[in-house]
Amino acid sequence: MCLAVPGKVAEIFQEDGVRMCRMDFGGVFRNVCLVYLPDISVGQYAIVHAGFAISAVDEATAQQTLQLFDEIDSLQAAAESAGDNETE
């Protein structure tokens, strides 16, 4: 399964002649390649897969996606907790 995650461009820089950025994923920062999004700028959001920004998205879409990920995490934690209670 492939997973693409939205992040916010915090800083743009060049690395070995390649346009890169420091991307903020809810407080976790990673370096991301911007070769597919040459016009993106600081403060904008993008969907990232395997270290490459592959599609620009608006902030509302990014926030909605991140909220859905949080809900999935909560549901998974609840299911795991319920499973732990069944074994006691």
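## Strands and how they pair

Two strands count as paired if DSSP finds at least two bridges between them. Keep that idea in mind as you explore this model, which is a predicted one.

Let's start with strand E2, residues 18–25, and its neighbour E3. These strands pair in the antiparallel sense, with six bridges between them.

## Strand E4 and its partners

An example to find on screen is isoleucine 47, whose bridge partner in E5 is serine 55. In the hairpin of E4 and E5 there are two residues between the strands, and alanine 50 has a positive phi near 55°.

How many of the five residues of E4 are buried? Four of them are, so the strand is mostly covered; buried here means under 20% relative accessible area.

How many disulfides does a search of the whole structure find? The search finds zero. A disulfide needs the two sulfur atoms within 2.5 Å.

Is cysteine 21 buried or exposed? Cysteine 21 is buried, because its relative accessibility is 0%. Cysteine 33 has a relative accessibility of 9%, so cysteine 33 counts as buried too.

## An aromatic pair

A search of the whole structure turns up one aromatic pair. Its members are tyrosine 36 and phenylalanine 52, with ring centres 5.6 Å apart; because their planes meet at 45°, the pair is tilted. This pair links distant parts of the chain, as its two residues are 16 residues apart. Tyrosine 36 lies in the loop between strand E3 (28–33) and strand E4 (45–49), while phenylalanine 52 belongs to strand E5 (residues 52–57).

The two residues can also be described by their accessibility. Tyrosine 36 is exposed, with a relative accessible area of 54%. Phenylalanine 52, at 33%, counts as partly exposed.

## A nonpolar patch on the surface

Tyr36 and Phe52 turn up again on the surface, where they form a nonpolar patch with Val18, Val35 and Ile54. Together, these residues have about 450 Å² of accessible area. You can find valine 18 in strand E2. Its relative accessibility is 32%, so valine 18 counts as partly exposed.

## A look at the helix

Finally, move to helix H1, residues 59–86, where alanine 78 has its place. Alanine 78 has a relative accessibility of 45%, so it counts as partly exposed. How far apart are alanine 78 and isoleucine 40 in sequence and in space? They are separated by 38 residues in sequence, and by 38 Å in space from C-alpha to C-alpha.

Conventions: Residues are numbered from 1 along each chain as its sequence is written. This is a predicted model: local features need pLDDT of at least 70, side-chain atom pairs count only at pLDDT 80 or more; totals for chains, interfaces and linings use all residues. Side-chain values use heavy atoms; hydrogens and water are left out. Buried means under 20% relative accessible area, exposed over 50%, partly exposed in between (1.4 Å probe, protein chains only). Rings of Phe, Tyr and Trp (its six-membered ring) pair if their centres lie within 6.5 Å; planes under 30 degrees apart count as stacked, over 60 as edge-to-face and the rest as tilted. Helices (H or I, at least four residues) and strands (E, at least two) are DSSP runs, numbered from the N terminus. Patches are made of residues with over 30% relative accessible area and no salt bridge: like charges are joined within 9 Å, nonpolar side chains (Val, Leu, Ile, Met, Phe, Trp, Tyr) within 5 Å. Accessible areas come from the Shrake-Rupley method with a 1.4 Å probe; for residues, only the protein chains shown count as cover. A salt bridge is a side-chain nitrogen of Lys or Arg within 4 Å of a carboxyl oxygen of Asp or Glu.
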